[in-house]
Every structure is written in C-alpha cells, then in structure tokens.
Amino acid sequence: MKSKLPSKWPLGLGVLYQQWKANADKRLLAFQQPFLDELGPSLEIEILGSIGYTTFDPENIEAALSTRFDDYCLGSRRGAMFPFLGEGIFTQDGGPWKHSRELLRRPFLKTHYQDLKGFKEPVQTLLTKLSSSSGIIDLQPLFFQFTLATTTALIFGQPVESSENDQQDSFASSFDHASWITTLRSRLTDLYWIYKPSHFRAACRIVREFADGFVTRALSASSEDKKGTVSDRYAFIDDLYAEYRDISFLLIRHPDVLSRLRSEIQSVIGTDTDVTRTHIQKIGFLRCILNETLRLYPPIPINVRFANKTTWLPRGGGPDGKSSILVPKGVGLGFVPYYMHRRKDIYGEDAMDYRPARWEGPELANIGWAYMPFHGGPRLCLGKDFALMEASYLTVRILQEFPDIQLPPGQPVVPTGQEKQELTVFLRSAEGCKVVVRTS
C-alpha cells in the first residue's frame with residue numbers, strides 16, 4: 001500500500017501510546033484527523049507485529065461491504081464483543097447472521113407502514129420530565145431512557161415501566177462500561193482474550209439480565225413471534241440514542257439552523273401535536289439536519305472486517321494510490337465513516353463545519369458510498385426508517401413544546417469535532433448535552 005502510518009517505536013507501540021494519550025483526553029478522533037488527512041484515504045498500519053489496512057475511500061468500503069461482501073468476516077471482533085453482545089447479528093457471519101437478521105427484520109418492516117402514534121406516549125413522558133425540570137438540564141440520560149422505552153416497545157411488545165427506574169440506571173451505566181471495555185478488547189485484535197476484567201464481566205451480566213427479563217416476559221406472552229437474539233435488541237438502542245442526542249447537541253450550538261427549523265415546523269404543523277409521517281416529509285430542512293448530523297457523527301464511526309480469503313481492494317496501491325491492492329487472508333480492514341464524511345474533496349472546503357443546507361442542492365444527490373451512517377450492503381441497518389422517523393418526531397415535539405430551548409449561558413462552543421468525545425463501540429459527547437429549557 002502506498003501510505004503507511006509511521007511509528008517511532010517498534011511493533012507500532014508508538015502509535016498505541018499516542019492513541020492512548022489522545023483517548024484519555026477524550027479527543028482521539030480529532031487527534032488522528034490531521035495525520036489521516038496527510039496520509040490519504042487508505043493506509044497500512046502495523047500494531048503488535050500484525051499488519052492491517054485502514055480506509056475511508058468510498059470505493060474500498062463498497063468493495064468490502066457490498067461487491068466483495070463474502071470475502072470478509074468479523075474475525076477476532078466476534079470474540080472481543082461476545083461477552084457484551086452475545087449471540088446475534090452483531091457477532092455473527094454466514095448462515096447464523098442471515099437467520100438473526102430475518103428474525104429482526106419483521107418488527108422493523110412493520111414500522112414502514114405504521115403511523116407515529118407509538119412514539120406519542122414515551123415522547124410525552126420525556127416532555128413532562130423536561131417541563132418539571134429547572135436550570136441546566138442534561139438531555140443525554142433522558143434520551144437514553146426514551147430510546148429504551150421505544151425500542152423495547154417495538155421489539156419486545158412492551159416498554160420499560162416507570163417502576164424500573166433503578167434498574168434502568170444500572171443498565172445504562174453497565175452498558176456504557178461494557179461498551180468501553182469491548183472497544184479496548186477489539187483494539188487488541190487476536191489478543192482480546194488477555195483482557196477480561198471482573199468489572200467488565202459484571203457489567204455484561206447486568207446488561208444481559210436486563211434484556212433477558214424482557215425476553216422472558218415476551219415469550220410468556222406469545223412464544224414464537226417474540227423469539228430472537230437478545231444482543232440485537234439492546235445493541236440497537238445505542239444507535240438510536242446516538243442520533244437524536246447529536247441532533248440536539250448541534251442544533252443548540254447553531255441558533256440560525258434552529259431558528260429556520262422552528263419556522264418550518266410552525267409553517268407545516270403549527271401547534272398540532274398529532275405529528276404524522278406526512279408532516280415530517282414536508283419539513284425538508286429537517287431531513288437536511290438529520291443528514292448533516294449523521295455525516296458528522298455517525299453512530300458507529302469506526303468498524304473492522306477481516307479477510308476470510310485472499311482478496312483485493314480497488315484503490316490504495318501504486319505510486320499514486322489509485323491502483324488495486326492485495327489483501328491477504330486474515331488481514332484486518334478498518335473502515336472509518338467518521339473521516340470519510342469529513343473529506344474536503346467530497347464535501348467541500350467546509351467539510352468540518354455543520355451546515356445542513358449543503359444537502360439542499362444537487363451536489364450530494366449521488367453521494368453513494370461516501371455517506372454511510374447506517375452501514376451499507378447486506379448489513380445495512382434494519383432500523384434505518386425507524387431511527388429517522390423517531391428522531392424527526394422527537395425533534396419536532398421538543399421544539400413545539402420548548403421553542404426557546406438554548407445552550408446554557410457561558411457554555412463554551414468549540415469547533416465541530418473538537419469537543420471531548422467518548423469513543424466506545426459507539427460515539428457520544430463526553431460532556432453530555434446541556435440545555436436550558438424555557439416554556440413558551
């Protein structure tokens with residue numbers, strides 16, 4: 001491969017040390033950005049004696065996730081993630097993965113043809129909590145509770161009950177910790193097994209017991225229709241949670257965007273709280289906001305596949321990096337939507353900026369694999385429609401009830417991507433999503 005990530009120490013230990021320091025400061029992705037911008041969209045990395053490739057080239061990502069899908073597998077990631085996620089589509093390949101995906105496809109398919117009334121009760125619960133709060137409010141934990149309620153209602157047929165608040169808190173903290181350790185284990189590749197601390201095992205047990213409780217109740221209510229793998233259900237929770245958390249995080253930092261959205265909501269819906277799909281589809285700027293949020297903060301910013309046979313990628317080789325390259329069997333390929341979505345040669349010189357209006361013109365109409373917030377190919381996220389509609393509904397209702405929502409006075413605003421982030425299996429703000437709510 002034309003480009004290689006340099007390391008001052010042997011075995012890539014210098015790279016690991018620098019990454020560890022940046023991650024401790026909660027700015028790993030921002031730290032790596034200038035290096036990757038300079039080296040190009042495809043490069044070779046040596047870590048602990050193992051050679052791997054990283055790419056944020058749309059053609060290479062399309063090859064790995066679609067056109068040459070069968071040439072790649074989860075590899076060591078299955079073992080690294082299994083204690084946390086268990087058996088399910090996030091840890092399976094081949095036939096078992098196809099079976100799990102089909103089981104999960106059914107409830108999500110139904111949402112394409114349903115109205116949005118299923119969101120009404122959990123949204124109202126969240127709005128009530130906001131109304132009863134004063135001062136500075138952190139939306140992150142409220143969004144997690146909301147996501148938990150809607151996702152369990154969708155897949156298990158019953159939402160989390162209000163009497164289970166203590167259990168929710170335990171689940172949330174355990175979920176975060178298990179996600180963090182799982183990320184560390186994944187970075188160890190084939191050596192993931194050396195790191196399985198007792199507190200990680202305890203967190204995984206709490207997460208699994210929480211999900212198992214819903215499975216048990218659902219199975220007792222109706223056996224065959226509710227079967228499926230536990231891990232798929234609670235892993236999807238964080239995908240949704242990330243989306244509308246990031247929408248709010250960006251909106252309150254860009255009052256001009258917030259003002260325009262508020263005006264469009266008023267023009268299309270007014271004060272009608274019975275929000276429908278038709279309403280949402282008429283608010284064109286809302287979809288631009290969703291696209292831009294997911295561009296800058298894809299729920300899974302980094303992912304990895306391993307070649308299960310000797311294969312190739314269309315770009316990255318030769319003197320100019322535009323020739324194909326050989327990928328030997330067993331080599332890992334990291335693909336990074338986070339950096340691909342920030343490429344200036346694709347999104348313009350202002351690619352680092354939050355500008356939803358970029359999606360209004362024809363420039364990005366055929367963006368293809370250069371935009372993949374919901375993965376792509378055969379593993380395209382099953383909950384894409386559900387996530388977009390839920391995030392849209394929630395955003396509309398919050399702005400209807402609290403049109404003057406804003407950033408707390410004195411809260412610093414740093415350039416997009418430079419804020420402190422927690423990078424586990426997923427990505428989120430390390431400092432929450434603080435707002436001041438003033439009712440109209």
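This is a predicted model: local features need pLDDT of at least 70, side-chain atom pairs count only at pLDDT 80 or more; totals for chains, interfaces and linings use all residues.
Reader: Where is Lys26 found?
Author: In the loop between α1 (13-24) and α2 (28-39).

Reader: What about phi of Lys26?
Author: Phi is near 65 degrees there, a positive value in a residue other than glycine. Most residues other than glycine have a negative phi.

Reader: Which other residue has a positive phi near 65 degrees?
Author: His375 is one, again a residue other than glycine. His375 sits in the loop between α15 (344-347) and α16.

Reader: His375, buried or exposed?
Author: Buried. The relative accessibility of His375 is 18%, and the cut-off is under 20%, so His375 falls on the buried side.

Reader: Switching to charges. How many salt bridges does the structure hold?
Author: The count is 21.

Reader: What does Asp93 pair with?
Author: Arg379. Their closest N and O atoms are 3.1 Å apart.

Reader: Where do Glu292 and Arg295 lie?
Author: Both lie in helix α13 (residues 284-296). They are three residues apart, about one turn of the helix.

Reader: Are Glu292 and Arg295 buried or exposed?
Author: Glu292 is buried, at 0% relative accessibility. Arg295 is buried too, at 0%.

Reader: Which residues are linked with them in a network of salt bridges?
Author: Asp350, Arg355 and Arg358 are linked with Glu292 and Arg295 in that network.

Reader: New topic, cavities. How many of 30 Å³ or more?
Author: Five. The second largest cavity holds about 100 Å³ of space.

Reader: Which residues line the second largest cavity?
Author: Leu139, Ser248, Leu251, Ile252, Leu258, Thr395, Ile398, Leu399 and Ile405. By class, that lining has seven nonpolar residues, two polar and no charged ones.

Reader: Which helix gives the most to that lining?
Author: α16, with three residues. α10 (230-251) and α16 (384-401) each supply at least two.

Reader: Now the surface. Which residues form a nonpolar patch?
Author: Trp9, Leu13, Tyr17, Trp20, Leu48, Leu191, Trp193, Ile194 and Tyr195. Together they have about 950 Å² of accessible area.

Reader: Where does Trp193 lie?
Author: In the loop between α8 (165-187) and α9 (198-221). Trp193 has 57% relative accessibility, so Trp193 counts as exposed.

Reader: And Phe171, buried or exposed?
Author: Buried, with a relative accessible area of 0%. Phe171 lies in helix α8. Phe171 and Ala203 are 32 residues apart in sequence and 8.2 Å apart in space, C-alpha to C-alpha.

Definitions and conventions
Residues are numbered from 1 along each chain as its sequence is written. Side-chain values use heavy atoms; hydrogens and water are left out. On a 1 Å grid over the protein atoms alone, a cavity is a set of points where a 1.4 Å probe fits but cannot get out, and a pocket is an open set with protein on both sides within 12 Å along at least five of seven lines; lining residues have an atom within 4 Å of a point. Grid points are joined across faces, edges and corners, and a volume is the space filled by probe spheres set on the points. Helices (H or I, at least four residues) and strands (E, at least two) are DSSP runs, numbered from the N terminus. Ala, Val, Leu, Ile, Met, Phe, Trp, Tyr, Cys and Pro count as nonpolar, Asp, Glu, Lys and Arg as charged, and the others, Gly among them, as polar. Patches are made of residues with over 30% relative accessible area and no salt bridge: like charges are joined within 9 Å, nonpolar side chains (Val, Leu, Ile, Met, Phe, Trp, Tyr) within 5 Å. Accessible areas come from the Shrake-Rupley method with a 1.4 Å probe; for residues, only the protein chains shown count as cover. A salt bridge is a side-chain nitrogen of Lys or Arg within 4 Å of a carboxyl oxygen of Asp or Glu. Buried means under 20% relative accessible area, exposed over 50%, partly exposed in between (1.4 Å probe, protein chains only).
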